[in-house]
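Subject: two-chain model, handover and notes

Hi,

Here is the model I promised to pass on.

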Amino acid sequence: MAKNRKQKKGKPPKRRKPQPTLAQSPGRLQRRMSRVRPIAWLGEVEADVAVFDDQVFAGLAPELASEVALVREALQLVTDSFGSDANKRLESISRRSPLSEWRLFVRGLVLWYDEGFDDAQENWKRLDLQRRPSRIARALTASKKTVLEQTDTPDANDKLLDSDLLAAANLVHSVRVARPAIAEAARELNRRERIPSELARISLLGPERLEWIIDFCAQYRQVEPQLVDALKQAALDRAMKQPFADINQIATAKISGPPHDPKNLLSQSIYYGKFEGGEIKAESFLSQYLTKSLPNNEMISPKLRSAIESLLHLEDARNEARPSYGDTIFGRFLAPPVDEKAVIKSYKLALEAYPANAEAHREYVDWIREHLDDERMRKSLREPFEKLIQPAMKAWSDGVPDEIEPRLWLVDHYLENEQLEEAKPHVQWLAGSRHSDPRVRATPWKWELLEAMRLCRRKTWLSHAQEKLDAAEQLWPTWLSRDWLAYLRAALMLRQNKMQAYEAARIDIRQQRLASGRPICELTDAVMMLGAAQHMRVPAAELKSLREPIDAAVKSVANLDFNHLVQVASFFWDLYRTNMQYPAYRMHGGKFATELHRRLQSKLKPADVTPERRSNLRDAIYWLSQRRVFSDGYKLTLPRSLISLDEPLLVAVTTVQCLLLSHRMMRGQLQNYNAQISLVREAGAKETDPYYRYWYQSLAERASEEAAKNPFGMGRFGSIDPFGWSASDDEDDEEEDDDWSDDDEDSFDPECDCPSCTAARERAGIPLPSRSTNKDESNRSFAARRPMNDQMDLPLDLDPPKPSTPRIDPPIDPDFRRTRPKNPMDTKRKKGR
Amino acid sequence: MSNEKEVASSDDPLQVLGLPRNATEQQVRQRYLELVREFPPERDPVRFQQIYAAYKSIEDPLMLANRLLIQDDDPPRNWDDILNEQKAKPPRLSVEVLLSLGNQTSAKQPITSEMSDE
C-alpha cells in the first residue's frame with residue numbers, strides 16, 4: 001500500500017497502449033468478454049453501424065431497415081447454429097444493396113463455424129476491406145494462426161492486420177482454441193474429492209465439487225455456455241442418482257433444470273418418490289409442478305405442456321389402479337384396496353389434459369372392461385362401470401378419430417340402444433376407411449345383422465327382419481363360420497311364433513351337419529341356439545327351454561367331453577371377434593372357460609388334436625387367452641398341453657396376446673419375447689385367413705412397440721415393481737421350480753433357461769426368450785428399478801449408510817456443511833487452513 | 001452422434017437423430033435441420049427418409065413428453081467424457097462479440113448521443 005501511495009505522489013507514468021495478449025486465465029477472458037461491444041468509427045458505412053446501433057437503425061429508410069433487420073436475425077441464427085436458415089434469410093438482399101457484404105459474410109461465417117475455412121475464405125476474399133464484415137472476417141481468419149500463441153506483436157508482413165484486428169483475433173483464439181475454462185474444469189474435476197472414506201464409494205457428487213460447479217457455471221456462462229450447460233446437467237444428474245437428500249437439495253435449488261422442469265420440481269418429486277416415507281414430499285413437489293410450474297412454463301410449447309400433464313396423470317391412474325405395499329414379496333398381497341374414484345379421476349384428468357393420448361384411452365377402457373369381465377362381481381358393483389364405458393369410448397373416438405376400436409364398439413352400442421343417428425357417422429367412417437382390419441370391412445355386414453336383431457324388438461317390425469338377415473347372409477365375412485346363421489334364422493322363426501318352421505329348421509340344421517360329415521355337438525348346438533334366440537329377442541318364457549341343456553351342462557361341467565368344450569369355446573371366440581356375445585353368455589361362459597383351462601393343464605390325447613379339430617382347439621385357446629386365464633397378473637401360466645400340440649405359433653400368439661392384455665408392468669416382459677413376436681409377424685405375412693393375417697400382424701406390431709418401451713416408465717414409479725423381487729430372489733426361483741416340477745418333462749417356464757425348461761421348450765419348437773446374456777447387465781436393470789434406498793441400487797458392495805431423510809426445512813447452509821463436526825473432511829480442511 | 005451404423009439401424013427416433021433422451025423441442029428441430037443438410041433427399045434418399053420419419057414421430061408432443069419423463073437408469077457420465085465432448089465443440093461467439101471484432105479504435109470515433117449526454 002505504501003509503495004502505491006509513493007507512486008501516486010510521483011509523476012504518473014506515461015500511458016502506453018497495451019499490447020494485445022492471449023487471455024491465459026478464464027477470469028481474464030471473462031472480463032475481456034464482458035467489456036467488448038461494437039463501436040462505430042468515424043465514417044463507417046451507416047448500414048453497417050445500423051446492424052448493432054439501434055439509434056442508427058431507427059433512422060434508416062424503411063427498405064434498408066428491413067434488410068438490416070434480416071442481417072441481425074441471420075447473425076443470431078448463425079450463433080444459434082441454424083446456419084442454413086441464416087443463409088435463406090439473406091437471400092432476398094440484392095447484390096447492389098449496401099448489405100450484400102453481410103450476405104457474403106454470413107455465408108462464409110456459416111462455413112467457418114463448420115470448419116470449412118477454405119470455403120469461408122472464398123466468400124470473404126470478395127469483401128470490401130474498409131467495411132466491418134471484412135474486418136471481422138480477417139480477425140476470424142487470423143485467430144487460427146498459431147503464431148498468435150507465441151507472440152504479442154503483429155505480423156509485420158501481414159498488412160491486413162492492424163493492432164485492433166490482432167487483439168480481436170487473440171480474443172477469438174482464446175475463446176475458441178485456447179479455452180482456459182476447459183483447462184480449469186479439467187484440473188478441478190480430475191482432482192480427487194475430499195469425502196469421508198465410508199461415503200466415497202457411494203458419493204457421486206460431493207458438496208465441495210457441487211459448490212465449485214455452481215461457482216464455475218455462474219462465472220463462465222457467457223464464455224463457455226455449452227460447457228456450463230453440460231456441467232450443470234451432469235451435476236444435476238449425479239445429484240439425482242445419489243442417496244444424499246441434502247446434496248440433491250442444493251443442486252436442485254442452485255442449478256436450473258431442463259426446459260420442461262426449470263425449477264426441478266418434477267425431478268425432486270421423482271427423487272423423493274424413491275425413498276420409503278418420501279411419498280408425501282414427492283406428491284407435494286408433483287402438485288407444485290402440475291399446478292404452478294408447468295402451466296406457466298413458456299419455455300416449452302403448450303402442446304408439450306399438455307402432453308406432460310396428461311402423462312403424469314396417467315401414471316397416477318396406473319399407480320392408483322394397482323397399488324402396492326412396498327417392494328416386498330408380500331407387496332401384492334398387502335396392497336391397499338383400489339380407490340376406484342381416484343383411478344377414474346386420474347384417467348379423466350389425463351384425457352382432459354391431452355385428449356389425443358391414445359394410450360390413456362386404451363388403458364382406461366381396458367381397466368373398465370377388466371371390471372366388466374369380472375364374473376364374480378355383483379351387479380350393483382358392475383353398474384357404475386357399465387355407465388363409464390360408453391362415455392369412455394366416445395371420448396376415445398373423439399380424441400383419436402383414427403382409432404377403429406372405439407368406433408366399432410360405438411356402432412354396436414348405438415344400434416343396441418336404437419340410436420341410429422349417432423351410429424351412422426361411425427358406420428360411414430368405418431365403411432369409407434380402407435382399413436386393413438377385416439372387422440372394419442365387415443361393418444356393412446354387422447350393420448345388417450344388428451338391424452335384423454333390432455327389428456325383432458317389436459312385432460310390427462318383424463316382417464322386415466328377414467330381409468336384413470338375408471342381406472347379412474350376402475355380406476357374411478369369409479373369415480367367420482356361417483354355422484350360426486342357420487340358428488339366427490331359426491331364432492327369427494321362434495320370435496315370429498312359427499313353431500313348426502322353427503322345429504323344421506332345427507332338424508334341418510342337424511341333417512345338414514350330418515351330411516357335411518360334422519356330427520353336431522349338443523352343447524354347441526344349445527349354446528348357439530340360445531345365443532341366437534337372445535339376440536333375436538325371443539321372449540324370456542320361451543328361452544327357458546333353451547337354457548335347460550346349458551344349465552345341465554354347467555352343473556356337470558367336469559363330465560363334459562373335452563371336444564365339446566373346445567367346440568363351444570371356438571364359437572365363443574367367433575362371438576368375441578365380432579363382439580356379439582349374448583346376455584346369458586356371462587352366466588356360463590366363465591364356467592366353461594375354467595373347465596377347459598383345467599383340462600388343458602394335463603396332457604392331451606392324440607385323438608383330441610386331430611387335424612380337423614386343430615383349428616377349433618386353436619380358436620378355443622385364443623378365446624381363453626383373451627379371457628386372461630393364462631396369467632396370474634404377474635407372470636405367464638401357459639398350460640402344459642400347449643407343448644404336446646407342437647404348435648410354436650399357437651404358443652407365440654398366446655404368449656404375446658396374454659402379455660398385451662396384462663397390465664403395464666407385465667407387458668414389459670415382452671422385451672424377452674422378441675423371437676415369438678417375430679414368429680407372429682412372419683405368420684401374419686403368410687396367413688391366408690384375412691382375420692388372422694391382420695390380427696397376427698397387429699399383435700406383433702403392438703408387442704414390438706411395447707417391447708421397445710421402458711417397461712417401468714418413469715423412474716418415480718419404478719419403486720412399484722412386483723417383478724423386481726421375483727427375478728432376483730432365489731427363494732422365488734425355488735418356488736417356480738416347484739411349480740414346474742421335474743417329473744413332468746414337458747412342462748416348462750417360458751422365461752426360464754434351466755436345462756429342463758430349455759429342453760422342453762425346444763421340444764415344443766419355441767425359441768429361447770431373447771434376454772441379455774450378461775448377468776450383471778440384467779441385474780443392473782432390475783436394480784435400477786428398485787427404490788434408491790435399496791442396497792442393490794447403490795454402486796457398491798458394502799452396506800450404505802441410511803440415506804439422508806428427505807427434508808427441506810431448515811435450508812442447509814453450505815458453510816455449516818463445511819464446518820459441522822464429526823466430518824473427517826472438515827478436520828482436513830481446518831488443518832489445511 | 002454415436003456410431004453411424006448403429007444410428008441408422010436404430011428404431012428409436014431420438015437415436016436416429018443422434019439426440020439424448022431428454023432432448024428439448026428446439027434441439028430436436030435443430031438436429032433435424034443439421035441432418036437434412038448433411039443428408040439431403042437428392043443425395044441420400046434412404047437416410048433422409050429415416051431422418052424424416054424419426055423427426056415426424058418425435059415431433060409428436062406425447063412422444064417427446066414420454067421421453068422427457070422417462071428416468072435415466074444409466075450410470076452418470078464421466079467428467080472426462082463431458083470435457084472431451086466439449087473440447088470438440090468450440091463455443092460460438094455471441095452476436096455482440098462477433099460484431100465487436102471489426103472495431104477500429106485507431107480511426108476517429110463518431111460523436112454518439114451517449115457521449116454528447118456525458
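Helices (H or I, at least four residues) and strands (E, at least two) in these notes are DSSP runs, numbered from the N terminus. With that in hand, R628(A) sits in the loop between α35 (611–626) and α36 (641–644) of chain A.

Some ground rules. This is a predicted model, in which local features need pLDDT of at least 70 and side-chain atom pairs count only at pLDDT 80 or more, while totals for chains, interfaces and linings use all residues. Residues are numbered from 1 along each chain as its sequence is written, chains are lettered from A and ligands numbered from 1 in the order in which they are written, and side-chain values use heavy atoms, with hydrogens and water left out.

**Overall make-up**

Chain A comes to 46 helices and 0 strands, and chain B to 8 helices and 0 strands. Of the 833 residues in chain A, 51% are buried (under 20% relative accessible area; exposed is over 50% and partly exposed in between, with a 1.4 Å probe and protein chains only). For the 118 residues of chain B, the buried share is 42%.

Where pLDDT is low, the predicted coordinates should not be read in detail.

**M453(A) and its helix**

M453(A) lies in helix α27 (residues 443–455) of chain A. α27(A) has 13 residues and reaches 18 Å from its first C-alpha to its last, close to the 18 Å expected at 1.5 Å a residue (the expected span is 1.5 Å times one less than the number of residues). The helix is mostly covered, with 12 of its 13 residues buried; among them are W445(A), W447(A) and R454(A).

Is M453(A) itself buried or exposed? Its relative accessible area is 2%, so M453(A) is buried. Leaving aside residues up to four places away in sequence, M453(A) touches W484(A), L488(A), H535(A), M536(A), R537(A) and M580(A). L492(A) is 39 residues from M453(A) in sequence, and their C-alpha atoms are 8.8 Å apart.

**Helix α23(A)**

Helix α23 (residues 379–399) of chain A has 21 residues, which should span 30 Å at 1.5 Å a residue; its end C-alpha atoms are 30 Å apart, so the two agree. Its buried residues include R382(A), F385(A), I389(A) and W396(A). The buried residues of α23(A) pack against α21 (340–353), α22 (358–372), α24 (405–416), α25 (420–432) and α34 (585–600) of chain A.

**A helix pair**

Helix α31 (residues 522–535) and helix α32 (residues 540–555) of chain A pack at an angle of about 140 degrees, with their axes 9 Å apart. Axes here are lines fitted to C-alpha atoms, for helices over the stretch in contact, and angles run from 0 to 180 degrees between N-to-C directions. On the α31(A) side, the residues that meet α32(A) include L523(A), V527(A) and L530(A); on the α32(A) side they include L546(A), R547(A) and I550(A).

N264(A) has a positive phi of about 60 degrees although it is not a glycine. N264(A) is in the loop between α16 (245–254) and α17 (265–273) of chain A, and is buried at 1% relative accessible area. R628(A), also not a glycine, has a positive phi near 60 degrees; at 24% relative accessibility, R628(A) counts as partly exposed.

Which residues does S100(B) touch, not counting residues up to four places away in sequence? They are V36(A), R37(A), P38(A) and R132(A). S100(B) belongs to helix α7 (residues 95–100) of chain B and counts as buried because its relative accessibility is 8%.

Cheers

How values were computed. Contact means heavy atoms within 4.5 Å.
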